[in-house]
Amino acid sequence: MRLLVVVLIFFTAAVKADPHSFSNSDLVSHPHLNLDLTADFAKKQLSGFVELELEWHHPDTRELVLDSRDLTIGRVMGQTREGSWQLLPYQFGAKQADHGQALIIACQQQYNKVRVYYQTSPNASGLQWLSAEQTTEKQQPFLFSQSQSIHARSWIPLQDTPARRLTFSARIHTPKSLLAVMGADNSANTERDGDYQFKMPQPIPAYLIALAVGDLQFKAMSDRTGVYAEAAWLDKAVAEFADTEQMMQVAGRMYGDYAWGRYDILVLPASFPFGGMENPRLSFITPTVIAGDKSLVSLIAHELAHSWSGNLVTNASWHELWLNEGFTNYVENRIMAAVFGEDRALLERQLAVQELQAELAELDPADTRLVTDYTGRDPDEAFTQVPYVKGMLLLQFLEQRFGREKFDAFLKHYFANFAFQSMNTERFLRYLRQTLLQEPDTVSFGEVLEWLNQPGLASTFVAPQSDAFAKVDQQTRRWQESGELDKLLTEDWSIHQWLHFIHQLSASVRPEQLAALDQKFGLSQSQNAEIASAWFKQAISRNYQQALPHIKTFLLQVGRRKFVVPLYQQLAAMPGGKAMALEIYQQAKGGYHPLTQVAVERVLKL
């Protein structure tokens, strides 16, 4: 155990608190900012200013260093304590491919405020500008941001680190036919007039600043929940996400009152690169989870769970993403168990473990630790199944040892005690030792450190087991042994059982067997994106050629990285598939988010 302690202390001491930020936030920070921006769809550009209210932490500091990426600066002004404004000199630091560059502002004195006038690039990594033709309704253009992990700096010059929090206000100018929304209080914007104002009174990290502009409609689901979406998605989304209020009530009882006022959902175009983004008060959600049967609403539970884990208590750096995502996966699964039953939660947990185990086999062993060093790398690389699922499994291990009642009380106090603060693993461990680990006979400190610091799964890992999946496995064996599809009794299978079946198809399954499955069950034409993508992975790996036209259609219509990146990777690896992958990508590229483009081009080696 002593060796593990030394390893952890050495690791945390050796890694800079946040190597992904150029900012000098330890010397001067901005606890509040005000935005005034105009959205120009013709130029694909935001322009205006950000005003930073400064808090100086050292009397000798005369420099403000901000993070930026591909921004054009017009001028920088500083407000003196007497209220006058002065023009300030500035310069950019060296550009880094994954991190942008420092914006270094020279300050003659410790100004109360600094105002930066700027314009974004049409290729800003944190923004996607969609033409009318690229939207569902095809009537109006659309803009949305994606600031996580370090992309806020591509549309706002600021200290882009989760180690610091800020409140903000904003004024957004748009064409009058469009509605602007933000991850903030949207109540001031009841009419479309092209002039929208927002306030976020709770302090958040920069990566949670979010903006969207489009032909949006709104429909309430309860007094504190509702959906923003294009008209074509609005009623479908309201029906699909109708359990959101119940989820909020369940989570509030377990982990403390919801701290953010409202919880609304914004359904984005299909180019959104992720399943969801937990922007406070307004989660951004992909339409690929609207399956018509609520089979994929665990994603809503996940983004809602971030209201406690991630938004309320935040990882201080991207090395320790597990403190956001592992806790969130755990809370998500508990919400799903309470609302939809323990059996469904178990199925979803087992599927998550299957995905984790598949990814562990592909990752560098160093990247399979929960506390990982991403210095000098793009922090977006941290978003693997490891922080999400392995982090969840650590918390489930603690719950199993201490009992659910005691562990729930621990988490509820944890969220209350560290609300609106940033957290690192070392600080979490101190708290853990002061609370739960007062009973060393139940869980030893060494067992916890093994989960955190050792590659792969810990020796104390116990795989979840589901009778529902065991029945699928039994039927699958009978089908493969007999060759008779009638042995597959699928009438009562849930989406989760179908996913398990597809994931577990053995390497011995031949293309003609896949064709028979496809003909009977229409898997290549599934409207469930999870089913379709899982099936397409099998089709490519088994050289099932008949699925290729459907795969192309899917890649042209969906921009979610979870789905499209593995498919491009598999296509490029199959004999003669690289040319096909490149051809599809050239057609699809314009509809993909910049983050999806980067990920696809990485696997295609462009």
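Biologist: In what order do the strands of the open three-stranded sheet with antiparallel pairing lie?

Modeller: In this predicted model, three strands form an open sheet whose pairing is antiparallel. Its edge strands are E3 (63–68) and E6 (90–92), each of which pairs on one side only. From one strand to the next, the twist averages 20°. The order is E3-E7-E6.

Biologist: How many bridges join E3 to strand E7, and which residue of E7 is the bridge partner of valine 65?

Modeller: Strand E7 covers residues 101–106 and runs antiparallel to E3, with six bridges joining the two. The bridge partner of valine 65 in E7 is isoleucine 104.

Biologist: Which strands are the edges of the open sheet of five strands?

Modeller: This open sheet has mixed pairing and the order E15-E16-E17-E19-E18. Each edge strand pairs on one side only. The edges are therefore E15 (217–220) and E18 (276–277).

Biologist: Within that sheet, which residue of E19 is the bridge partner of leucine 266?

Modeller: Strand E17 (residues 263–267) and strand E19 (residues 282–285) run parallel and are joined by four bridges. For leucine 266, the bridge partner in E19 is phenylalanine 284.

Biologist: Is helix H8 parallel or oblique to helix H9?

Modeller: Two packed helices are described by the angle between their axes and the distance between the axes. Here the axes of H8 (residues 404–417) and H9 (residues 425–434) come within 12 Å and cross at roughly 130°. That angle makes the arrangement of H8 relative to H9 oblique.

Biologist: What is the handedness of the crossing, and how do the residues of the contact of H8 with H9 divide?

Modeller: H8 passes H9 in a right-handed crossing. On the H8 side, the contact is made by Phe410, His413, Tyr414 and Asn417, and on the H9 side by Phe428, Tyr431 and Leu432.

Notes: Residues are numbered from 1 along each chain as its sequence is written. This is a predicted model: local features need pLDDT of at least 70, side-chain atom pairs count only at pLDDT 80 or more; totals for chains, interfaces and linings use all residues. Side-chain values use heavy atoms; hydrogens and water are left out. Axes are lines fitted to C-alpha atoms, for helices over the stretch in contact, and angles run from 0 to 180 degrees between N-to-C directions. Angles under 35 degrees count as roughly parallel, over 145 as roughly antiparallel, 65 to 115 as roughly perpendicular and the rest as oblique. A crossing is left-handed if the near helix is turned anticlockwise from the far one by less than a right angle, and right-handed if clockwise. Contact means heavy atoms within 4.5 Å.
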